[in-house]
Amino acid sequence: MKSKMRFSLLTVLIVLIGGCSASKTEDHVSTKSMNNAHEGMGMTNGHMSHTNPLQLAPSTGENELAIPPLLEPDGKNPAHYSIVAQEGTTEFYQGVQTETYGYNGSFLGPVIRIQSGQTVQFTTTNEMSKETTFHWHGLEIPGEGDGGPHEQIEPGQSKKLTFPIRQQAATLWFHPHPEGQTAEQVYKGLAGLIYVEDENSQRLGLPQQYGVNDIPLIFQDRQFDDQQQLNYQQFKNNDGTIGDTLLINGTLNPKLHVRREPVRLRLVNGSNARNFTFMLSTNEEFQQIATDGGFLNSPVPLNKLTLTPGERAEIIIDFSKLSTSIDLSLINEEGVVLLPFTITNERTTPQKMQDVFNQFSTTSEEQQLPVSKRLELFGMGTMVTINGKQFDRTRIDFVQQQGVTEIWEIYNKPDMMGGMTHPFHLHGTQFKIVSINGQAPPLNEQGWKDTVSIEPDETVKLAVKFQDKGIYMFHCHLLEHEDNGMMGQVKVE
Ligand SMILES: [Cu+2]
């Protein structure tokens, strides 16, 4: 139902945009000017820009997909990791150096693989020329280590934090969160992944050869300027900066070699504003096995999956069972090739997967608890608000007791133009979706979440419990909305 609504809205928009771009040629430059024109055309197009009017160019598959390096601990007890935010250059286009940001490298960052039950220590260093923060998206962590706007690290400075990992296996990520500067820093390359593993994740018989059949995929759309630079200010749109150029793990025109076996893809929507709907080019089924914060109870068969910015999902594609191995690719709902697959004939003997992956449930108590926190998302562009207010770092919007479950009800109030979808993200915890417009969430959202897509006029109820104390952000994960103040603070005591 949800994806259907998105699809028909999109179809309408494609038709509309198709009309306004008909007089233009399809080259790179004209799509850029079209993007800028949208901003100039005011409200209507601000709305449209959110719903992906700018088509992605299909991947030609000429480059092998980059697999981010695994970050090894450089100290054992506690497991210590050094993470450095730095400036550099990256060669996306042959022979062209593009100025970028990265963690421990020039673009994006490593995968930090940590074990539940472990105590870990991060040393975060800012080697850039501007301030930043290190936010651990999805991690259950005390407020003071969470890396929100209060925890700014000045150029040349470091910060050390030590905390226990108590949550279950999940694919999390990290990115900067400086006040008003998040969108540009992510756009230029600051983002990395955290894999939490536990005993369960290792006994399920899942593909787990990193980079071979357990593949991280960070999807980001970008717009390069005439000099092939990531000129954020040129393309910035207050309702979400989108681009026509897809990067997966920072690779332009990627392809992926897989064997004829089940392959686990860890999908991360790391874009500023673009929603991605993933499908197989054969329209065959795949299995979703995990949400943002953990495994689903059992695999959910899907032939289409939408992720809004900030959301993750793990899926299994069984390449031994598909009807063809020719011209196989991951595509979006417009049929654009995102990631072509090349199937090698190397033989494997995959493990048998378990049937039950997790014990997730929403209790009847959680179903019956009264709503104790109400949030109303409203507006667009620089006028975005939560409960009529914009972010103020000196204002605490809500107080919640540590370890106590509360029901948060979030309503996305439409405006005259209809409104926009907002991906709502809460820091420092994983929540349960109790209901969407009074109905149980779809099967593939019945799992731990930290980011939830809320459509115009939709009401979502969440069961929220914090394990730790501190001040945490809640905000729209459309990064320009976050920067424009669609964010508030909850203090956990
Ligand atoms: Cu938003």
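User: Two residues are in contact if their C-beta atoms, placed from the backbone, lie within 7 Å. Among contacts in the protein between residues at least 6 apart in sequence, what percentage join residues at least 24 apart?
Analyst: This is a predicted model, in which local features need pLDDT of at least 70, side-chain atom pairs count only at pLDDT 80 or more, and totals for chains, interfaces and linings use all residues. Residues are numbered from 1 along each chain as its sequence is written. For contacts between residues at least 6 apart in sequence, the share joining residues at least 24 apart is 79%.

User: What is the average pLDDT of the protein?
Analyst: pLDDT is the predictor's confidence in each residue, from 0 to 100. A score of at least 70 is reached by 89% of the residues. The average is 90.

User: Which residue in β12 stands opposite Arg222?
Analyst: Strands of a sheet pair through backbone hydrogen bonds, either parallel or antiparallel. Strands β11 (residues 214-222) and β12 (residues 245-248) run antiparallel and are joined by 4 bridges. The residue opposite Arg222 is Thr245.

User: Is Pro442 buried or exposed, or in between?
Analyst: A residue is buried if 20 or more other C-beta atoms, placed from the backbone, lie within 10 Å of its own, exposed if 12 or fewer, and partly exposed in between. Pro442 lies in the loop between β28 (432-436) and β29 (451-454). Because 14 other C-beta atoms lie within 10 Å, Pro442 is partly exposed.

User: Which residues does Gln367 touch, not counting residues up to four places away in sequence?
Analyst: Gln367 is found in helix α7 (residues 364-368). It has 13 C-beta neighbours inside 10 Å and so counts as partly exposed. With residues up to four places away left out, Gln367 touches Thr362 and Val434.

Key
Pairing = 2+ DSSP bridges. Helix = DSSP H or I, 4+ residues; strand = E, 2+ residues; numbered from the N terminus.
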